[in-house]
Structures are given as structure tokens and as C-alpha cells.
Amino acid sequence: MIPQAVATISTAALKHNLQQVRQYAPASAVLAVIKANAYGHGLAVAAEALDNADAFAVGTFAEAVVLRESAPDKNIVILQGATDAADIRFFLQNNFQPVIHSRYQLDDLRAAGIRSLKCWLKMDTGMRRLGLAADDYSDILKKIGSIAAIQKPPVLMSHFACADEPDRAENRRQMELFASLAEQHGGETSFCNSAATISFPEMHGNWVRPGIMLYGISPLKGVTAATLNLRPAMTLKSRLIAIYNAAAGDSVGYGATWRCPDDMRIGVIGIGYGDGYPRHAPSGTPVIINDRRSSLVGRVSMDMLTVDLRQQPDAQIGDEVVLWGDGLPIEEVAEAAGTIAYELVCRLTTRVNYQRGMG
Ligand SMILES: Cc1ncc(COP(=O)(O)O)c(C=O)c1O
């Protein structure tokens with residue numbers, strides 16, 4: 001039986017993209033962000049392919065525990081930090097490094113009764129999500145000075161709100177604030193996600209924190225991954241499972257939202273929102289069949305989607321269809337579906353069969 005929806009993960013592309021990060025930030029260490037199952041690419045495969053990174057970052061403690069099996073020797077940074085003092089003792093034994101983003105975590109670290117855990121101190125410079133208030137910086141440093149559990153100095157970090165649009169004024173404001181904190185801090189610093197790693201070399205600091213670019217996806221609005229010399233790490237494919245002739249005026253799919261402008265062939269592809277393909281992808285969203293572009297017609301359903309075969313006279317049942325990846329940038333599909341590529345890769349379901357690519 002041939003599996004229908006297959007995500008092929010290219011370890012060569014992952015390695016190449018990490019190499020690209022090093023070209024962009026030659027003087028910085030790389031904290032490879034592989035949270036959310038390595039942005040849907042598979043944690044174990046990504047950890048192995050990106051073994052050359054200097055450390056890994058995940059979102060949660062639970063992700064760190066799973067990652068430890070594939071990466072026994074790497075330092076692992078937990079971006080959401082520790083949620084209680086009991087966790088923290090486990091951190092030291094396992095080389096898990098917490099991000100401290102809230103005051104309650106300072107109290108937990110004091111209560112943990114351990115010494116000298118490497119920590120990352122996250123300051124809010126304008127994102128207004130996680131991070132300690134920049135105005136409180138001196139007070140926080142004083143507090144940290146009296147907590148034995150925190151190795152001094154912690155790595156000073158912050159996160160951009162708008163790095164995907166480098167010209168936004170918010171970036172300048174965040175950079176100025178971070179630079180002033182870094183001057184007082186004197187220890188290691190880390191500010192740049194993928195977009196900032198590419199756009200703001202002056203902010204690289206000691207550690208860059210790329211995520212999306214490692215997977216070969218452009219972090220910059222309106223700039224293709226190819227322009228940035230990034231290679232897609234995931235190619236999502238399925239197959240044509242039915243073909244039929246429809247007459248001009250026939251409607252296709254649930255809700256009868258699309259009508260055939262001509263007598264035409266319609267192809268049915270074995271993938272739908274039950275596999276994680278976005279249901280809201282509208283008619284016109286591109287796919288590739290036999291190296292030629294086609295496009296969705298009608299609504300995406302749970303197991304299937306339907307495509308226009310007018311330009312595909314030779315298409316046959318069983319032919320492979322590329323939904324995104326090699327030959328079809330995921331950014332284009334995301335744009336058509338009104339979302340971002342981050343979401344598309346993260347939302348694939350267990351129904352999709354994962355394979356390692358040869359190249
Ligand atoms: C704190 C932090 N740093 C770095 C990253 C990586 O960002 P990107 O995938 O845009 O490179 C993320 C991802 O959301 C993050 O939350």
C-alpha cells in the first residue's frame with residue numbers, strides 16, 4: 001500500500017540551512033530553535049541533522065525531556081523556563097537551562113536549593129509577551145545577585161516583535177533599549193531570531209536563536225527562501241486518487257462554492273484538513289502535479305482536496321502531487337491560505353507519513 005500524504009524531511013537541507021546561519025552570523029554561537037516538534041519536522045531527525053548547533057532551544061520542559069533522548073550531550077534551553085522549584089533540581093542534573101521571564105521564577109530558583117545553573121534572563125524590550133520589564137532591570141540584577149542557583153551573569157536575552165519587517169520603527173526602539181541593557185549587563189547576550197539574524201548583524205551578540213530559517217523557510221516578508229540561499233527541509237506530497245469529467249456550470253465540493261467555467265477534468269488528491277492541510281486554503285491555491293502548476297478548486301475537505309486539471313491532459317490516477325516544498329515554496333501556499341508557513345508546518349497531523357529524504 002502506498003501511503004498518501006508523505007512529508008519528506010531533507011537532513012541535507014537542514015544541515016545546509018544551519019551552515020547558512022553560520023554565514024550570516026559567523027561570530028555568534030547558534031542556539032537552534034527546535035520547539036514544537038522542530039516546527040513539525042520531527043524532533044529526533046532535526047536534532048540529529050542539526051547536531052552541529054551549539055545548543056538547542058525548546059518551548060517547554062516536556063519537550064526538553066523528549067529531546068534529551070536524541071541529544072544526550074547538548075545543552076537545552078527551555079524558552080518558557082521552569083514552572084516550579086521541583087523542576088529546577090532536574091534542570092541542573094540534565095543540562096536544561098531555563099529562561100527567566102517572570103519574577104515568580106526568581107523565587108522558585110531561590111527555593112530550589114541548588115548552585116550555579118546557567119540561566120537566560122529575558123527582558124521585555126517591546127514585544128509585550130514574555131519578559132521582565134526593562135525598567136526593573138537594576139532591581140532584578142540586585143535580586144539575582146543573592147540567588148545561588150543562578151550562575152552569574154545569566155545570558156541577557158530579548159525577542160523582536162517585528163523583525164520580519166526590518167524597516168518598522170518598533171525594531172529600532174527595541175534595539176536601542178536592548179543595547180542599553182547589554183551595556184549595563186556585561187555578560188553574554190542573545191536577541192536575534194531568524195529574521196533579525198539576517199537583517200540586524202549589529203545585534204547578533206553571543207548567541208543567535210534561529211528557528212524558521214533552519215527549515216528553509218524565509219523569515220522575511222516578501223523575500224523568498226531561495227534569495228536567502230535557504231533550502232526547504234520539508235516537502236509534502238500526496239497522490240491523485242480520482243479523476244472525473246465535469247460539465248461547465250457543475251459545482252465542486254462542500255458548499256458548492258466553485259463552479260466549472262468549462263467542461264473540464266477535476267482531480268481529487270488524497271490529503272485534507274485531517275492531515276493538517278489548511279481548510280481555509282481557497283480556490284486558486286497552488287499545487288504541483290508532474291512538475292506543472294495546478295490549483296485548488298472548491299473547499300478542502302477532511303481527507304481530500306480537488307484541483308483543476310485543464311492544463312494537465314496527461315495527469316493520471318496515482319500521480320504525485322506536491323503540496324509544498326521542493327518546487328513549490330510553502331510561503332506561497334501560506335500566503336494564498338491567509339496564514340504563515342510556521343503554522344502550516346506545525347499543524348500536520350499523525351496521519352501524515354514522515355520519511356527521511358535522500359538529498
Ligand atoms: C524566544 C524565541 N527565540 C527565537 C525564536 C525563533 O524564531 P524564528 O523561528 O522566527 O527564527 C522563537 C520562536 O518563536 C522564540 O520564541
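Helix α4 spans residues 61-70, and its buried residues are Phe61, Glu63, Ala64 and Leu67. Viewed down the axis of α4, these buried residues fall within an arc of 145 degrees, so they line one face of the helix. The model is predicted. The protein holds 11 helices and 19 strands.

**Helix α4**

- Ala62 and Glu69 sit on the other side of α4, where they are exposed.
- An α-helix has 3.6 residues a turn, so residues three or four places apart point the same way.

**Overall build**

- The C-alpha trace spans about 75 × 45 × 35 Å along its principal axes.
- The protein has 359 residues, and 44% of them are buried.
- Take the contacts with a separation of 6 or more: 62% of them join residues 24 or more positions apart.

**Domains**

- Domain 1 covers residues 11-215, and domain 2 covers residues 234-356.
- Their C-alpha centres lie 37 Å apart.
- Contact between the two involves 9 residues of domain 1 and 7 residues of domain 2.
- On the side of domain 1 that touches domain 2, α2 gives the largest share, with 3 residues.
- That side of domain 1 has 5 nonpolar and 4 polar residues, and no charged ones.

**Ligand shell**

- The residues around the ligand include Val33, Leu79 and His159.
- Asn193, Ser194 and Ala195 are also among them.
- Arg209, Pro210, Gly211, Ile212 and Pro219 complete the list.
- By class, the shell has 6 nonpolar residues, 4 polar and 1 charged.

**Gly253**

- Gly253 lies in the loop between β12 (251-252) and β13 (258-259).
- Is Gly253 buried, exposed or partly exposed? Gly253 is partly exposed, because 19 other C-beta atoms lie within 10 Å, and a buried residue needs 20 or more.
- Leaving out residues up to four places away in sequence, Gly253 touches Trp258, Gly298, Arg299, Ser301 and Thr306.
- Gly253 and Ile140 are 113 residues apart along the chain, and their C-alpha atoms are separated by 58 Å.

How values were computed:
Residues numbered from 1 in each chain as written. Predicted model: local features only at pLDDT ≥ 70, side-chain atom pairs only at ≥ 80, totals over all residues. Helix = DSSP H or I, 4+ residues; strand = E, 2+ residues; numbered from the N terminus. Buried ≥ 20, exposed ≤ 12 C-beta atoms within 10 Å, placed from the backbone. Near = placed C-beta within 6 Å. Nonpolar A, V, L, I, M, F, W, Y, C, P; charged D, E, K, R; others polar. Arc of directions from axis to C-beta. Domains from an automatic or database assignment.
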